[in-house]
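I opened the model to look up its strands, its confidence and a few side chains. My notes follow.

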Amino acid sequence: MQRKKTRYKDKNNQTICIGDVLHVEEYPDKYVGGSYDYDGVVEEDSDEHIVVTYYDIGEEESIPLSCFPKNGRELLTENQRYEYWRIAMLGAEPPEELWKWSD
């Protein structure tokens, strides 16, 4: 499955695509209470903005990817993506298209 690339890169200079799972930090080099620091899914919102959406049972929040500095973005590995989706699906086996990339 071909993933749609964005213009954004993570701290390792890897291109971020729609559907990727990222760890994002608003202030990566210091602790700032109340700041954003989470794993989320890269999506395109209805206005075609690239956002990182935090999902939890019964809640979701989308923040523009541009709010996070490059050194505050890190793509999750295949094993980390698998675990992210397995937890999101309450322990059920996640479909491979959510966590396994062919490229």
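I set the burial cut-offs before anything else: buried means under 20% relative accessible area, exposed over 50%, and partly exposed in between, with a 1.4 Å probe and protein chains only. This is a predicted model, in which local features need pLDDT of at least 70, side-chain atom pairs count only at pLDDT 80 or more, and totals for chains, interfaces and linings use all residues. I number residues from 1 along each chain as its sequence is written, and side-chain values use heavy atoms, with hydrogens and water left out.

**Confidence**

I checked pLDDT, the predictor's confidence in each residue, from 0 to 100. The protein averages 91, and 98% of the residues score at least 70. Confidence is lowest in helix α2 (residues 96-99), with a mean of 86. It is highest in strand β7 (residues 73-75), at 98. My helices (H or I, at least four residues) and strands (E, at least two) are DSSP runs, numbered from the N terminus.

**Cysteines**

Is Cys 17 buried or exposed? Cys 17 counts as buried because its relative accessibility is 4%. Cys 67 is partly exposed, at 43%. I then searched for disulfides, taken as pairs of cysteine sulfur atoms within 2.5 Å. The whole structure has zero.

I traced the pairing next. Two strands pair if DSSP finds at least two bridges between them. Five strands form an open sheet, in the order β6-β5-β4-β3-β7, with antiparallel pairing. β6 (59-64) and β7 stand at the edges with a single partner strand each, so one side of each has no neighbour in the sheet. From one strand to the next, the twist averages 40°. For angles, axes are lines fitted to C-alpha atoms, for helices over the stretch in contact, and values run from 0 to 180 degrees between N-to-C directions.

Strand β3 (residues 21-25) runs antiparallel to strand β4 (residues 37-44), and five bridges join them. In this pair, Val 21 stands opposite Val 41 of β4. Glu 25 stands opposite Asp 37 of β4. β4 also pairs with β5 in the antiparallel sense, over four bridges. There, Val 41 has Thr 53 of β5 as its bridge partner. The hairpin of β4 and β5 has five residues between the strands, and Glu 48 takes a positive phi near 65° in it.

What lies across the sheet strands β3, β4, β5 (50-56) and β7? Helix α1 (residues 78-88) does, running at about 90° to β4. I count contact as heavy atoms within 4.5 Å.

**The β1-β2 hairpin**

Two bridges join β1 to strand β2 (residues 15-17), and the two run antiparallel. Lys 5 has Cys 17 of β2 as its bridge partner. This hairpin also has five residues between its strands, with Asn 13 at a positive phi near 65°.

**Two polar side chains**

A polar contact is a pair of N or O atoms within 3.5 Å; within protein, one must be able to donate a hydrogen and the other to accept it, and residues adjacent in sequence count only if both atoms are side-chain atoms. Arg 3 sits in the segment before β1 (5-9). Arg 3 is buried, because its relative accessible area is 12%. Its side chain makes a polar contact with the side chain of Asp 20, at 2.3 Å.

Asp 56 is in strand β5. Asp 56 is partly exposed, at 41%. Its side chain makes a polar contact with that of Tyr 54, at 3.3 Å.
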